[in-house]
Amino acid sequence: MSNYQWGTQPQYDSTNTPYVPGPQRPYAPQAPPQPMQDNLGHIDSKTPYYAERFRPKTRIKDPVFLIIFILQFAGFCVASGLALSTWISQAGLGGGVGGDSTGSSVTLDRHTVYLLLFVVAAGLFLATCYLILIRMFTRLIIHISLILSILLNIGICVYYYVVRYWSGAIVFTVIALLSILSYAGFRSRIPLASLLLQVVIDISKHHKSVYVVAMATLLLQASLSVWYSFTVIATYAKWTPGNPACSGGTSCSSSTVAGLVFFETLSYIWTSMVISNVSLATLAGGPFGNWYYFGPRDAGVMPKHPTISSFCRASTLSLGSIAFGSLIVTILEVIRLLLNAVRNNANTEGDPVTACLACCAECFIGCLEGMVRYFNRYAYIEIALYGKPYIRAAKDTWNLFKDRGIDALVNDSLVNMALLWGAYAVGMLCSLFGFLYLRYTHPSYNDHGQYTAPVMLFSFIIGAQLQLTLAAAIEAGVSTIFVGLGEDPGILAIRSPELFGMIADRYPRVVQGVPRV
């Protein structure tokens, strides 16, 4: 990390010579940012509180979606209570740690709960380790993530050819070729992504609340994952035909189990996304947003307790807007999972036409989901800074990016790829742990391996969600810098001149109108 990252204004000339930063100065700048100019040369003297920034109106935004979110969470609590009460009365259908007590042979039991508890503990440990490693070896991890992305595309392509899944093989052949051809271009973006990550992590060193929010969110997600695990196991135990509970007048059927597990999974994903996005909004409107617009804490201009104030806004006035955006992604994610199940079932039954159609539909939904996630992240930052409703925040984000060309900068950033690969790695390791635990403990309910896939899926979801929650803290910092660049790019020249210079050299449109010394 450069020692002058927090220093003075960058030095430019009118040619295309590389950016050379000025001499070193302390973390807290000695002078405020210079005023910006628009394309007509007019001075833009925006204050940190411009347009209700950090001081939104005290009115609940998107109340309808807030009510729907509360109702679905209440429904999850009711379903969980009914299932867990019966499950507890039956001592969890038996089972325990290890292979000495295997419990019921009918369905998932207490043995699986202990397994998933171990998965949560492993996920917490692995997610924390990944955050430490990405700061110590930033460029190396980004480079490895880039290579792994290419190898994954190639591996999937080869696998589809081996199993003769021709439609998928053709699609991933194109993807693999494009990823190989674009490798050189991606490599050139590693320095910027590395510097972005280092700047955000170094800001976090001066604002310990970043780690407090991240760890609190991580523990909350872990608790939700444990609760979800207990609830799903108890649902199987209560409503699966052949269980002891069915003899007590309970209506048991496979369709009941499928419907309840579907609702519980949807509720878990939606609630988990809301928790992560509240965390993102808290950090964007708290330490990162205040650092960008007010300067470092040592300068004495930043308001007191910015993180607490931001959390209060995100968890009350803006919770409906956050739930709205999270619901859209949740619905698309569930649709994509259903199409994936249809495709796998069609492959099993030897129906290539249905499999091909499901694959195309899944690809379309996946692209749509990616676009929504793309806008949502920056819409949440607009919500955190200004307290806007969701739709208005999304529109303003689109206009802001198009006016300044930030979309090109965001698309070229490899930060998300590194963080997503971390989530994938943690999820896969947790899934592997679940598989090995089942294999070496031999629970009665899995004599024929019929529950191996669901347990591995639950383990992967839990591990990936835990890592994504921790990664959201880093994404909040990077995304807040991008939004700040779109609104007031000249401020970054004071906050981090090395980063500003690198962006100015590669994306001159982003810093258009900023005075050059």
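## Elements and model

Helices (H or I, at least four residues) and strands (E, at least two) are DSSP runs, numbered from the N terminus. The model is predicted.

Most residues other than glycine have a negative phi. D62 sits in the loop that runs between β2 (43-44) and α1 (63-89). Buried means under 20% relative accessible area. D62 has 17% relative accessibility, so it counts as buried.

H305 also has a positive phi, near 50°, and is likewise a residue other than glycine. Its loop lies between α8 (254-294) and α9 (306-317). The cut-off for exposed is over 50%. H305 has a relative accessible area of 56% and is therefore exposed.

## The second largest pocket

The second largest pocket holds about 450 Å³ of space. Its lining counts 20 residues, and those closest to the centre are L220, V274, I275, V278 and F311. Four elements, α1, α7 (209-239), α8 and α9, each give two or more residues to this lining. Helix α7 supplies the largest share, seven residues.

What is the make-up of the lining of the second largest pocket in nonpolar, polar and charged residues? The lining has 14 nonpolar residues and six polar ones. No charged residue takes part in it.

Note on methods: Residues numbered from 1 in each chain as written. Predicted model: local features only at pLDDT ≥ 70, side-chain atom pairs only at ≥ 80, totals over all residues. Heavy atoms only, no water. Buried < 20%, exposed > 50% of the residue type's maximum accessible area, 1.4 Å probe, protein only. 1 Å grid on protein atoms, 1.4 Å probe; cavity = no way out; pocket = protein on both sides within 12 Å on 5 of 7 lines; lining within 4 Å. Points joined across faces, edges and corners; volume = space filled by probe spheres on them. Nonpolar A, V, L, I, M, F, W, Y, C, P; charged D, E, K, R; others polar.
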